[in-house]
Amino acid sequence: MQTVVQDDNITLCLWANLNKNPRFKGYRFEEVGLGFELPKPLAVSDIAVRILHTRYDHLSHHSEREQVQRRRSMMEGHLRVLQRCKMGR
């Protein structure tokens with residue numbers, strides 16, 4: 001079983017190992033140019049493969065560096081507000 005779901009922003013490829021053929025080496029989703037190879041022990045296992053390709057970055061905002069930069073920007077904004085308040089007195 002294999003399928004591809006695609007729109008302007010994502011490509012989702014799904015493959016399920018229904019045959020469990022030990023000679024199976026991998027699969028290529030020709031229509032989108034993506035594929036995979038399986039190690040022999042997985043070729044006879046109950047597994048599925050999901051390939052998700054996005055045209056945008058959906059993970060960087062979770063990174064520690066990004067969170068530190070976001071906090072720094074917030075603190076700088078708060079400091080600017082405090083400085084304006086002091087100048088207005």
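What does the accessible surface of the chain come to, and what share of it belongs to carbon and sulfur atoms? I looked up the total: about 7500 Å², with 53% from carbon and sulfur atoms. The areas come from the Shrake-Rupley method with a 1.4 Å probe, and for residues only the protein chains shown count as cover.

**Ground rules.** I am working on a predicted model, where local features need pLDDT of at least 70, side-chain atom pairs count only at pLDDT 80 or more, and totals for chains, interfaces and linings use all residues. Residues are numbered from 1 along each chain as its sequence is written, and side-chain values use heavy atoms, with hydrogens and water left out.

**Whole chain.** I list two helices and five strands. Their order from the N terminus is β-β-β-β-α-β-α. Helices (H or I, at least four residues) and strands (E, at least two) are DSSP runs, numbered from the N terminus.

Next I checked the dimensions. The radius of gyration is 24 Å, while a compact globule of 89 residues would have one near 12 Å. That radius is taken over C-alpha atoms, and the globule rule is 2.2 Å times the number of residues to the power 0.38. Along the principal axes, the C-alpha atoms fill a box of roughly 80 × 30 × 15 Å.

Of the 89 residues, 15% count as buried. Buried means under 20% relative accessible area, exposed over 50%, partly exposed in between (1.4 Å probe, protein chains only).

**Val4.** I find Val4 in strand 1 (residues 2-6). Val4 counts as partly exposed because its relative accessibility is 22%. Leaving aside neighbours within four places in sequence, its contacts (heavy atoms within 4.5 Å) include Thr11, Leu12, Phe29 and Val32. I also took the distance to Met74, 70 residues along the chain: the two C-alpha atoms are 41 Å apart.

**Lys20.** Where does Lys20 sit? I place Lys20 in the loop between strand 2 (10-16) and strand 3 (26-29). Its phi is near 55 degrees, a positive value in a residue other than glycine. Lys20 is partly exposed, at 34% relative accessible area.

**Thr54.** Is Thr54 buried or exposed? I record Thr54 as buried, because its relative accessible area is 16%. Thr54 belongs to strand 5 (residues 48-54). Not counting residues up to four places away in sequence, Thr54 touches Asn9 and Ile10. I also noted that its side chain reaches the backbone oxygen of Tyr56 at 2.6 Å.

How values were computed: A polar contact is a pair of N or O atoms within 3.5 Å; within protein, one must be able to donate a hydrogen and the other to accept it, and residues adjacent in sequence count only if both atoms are side-chain atoms.
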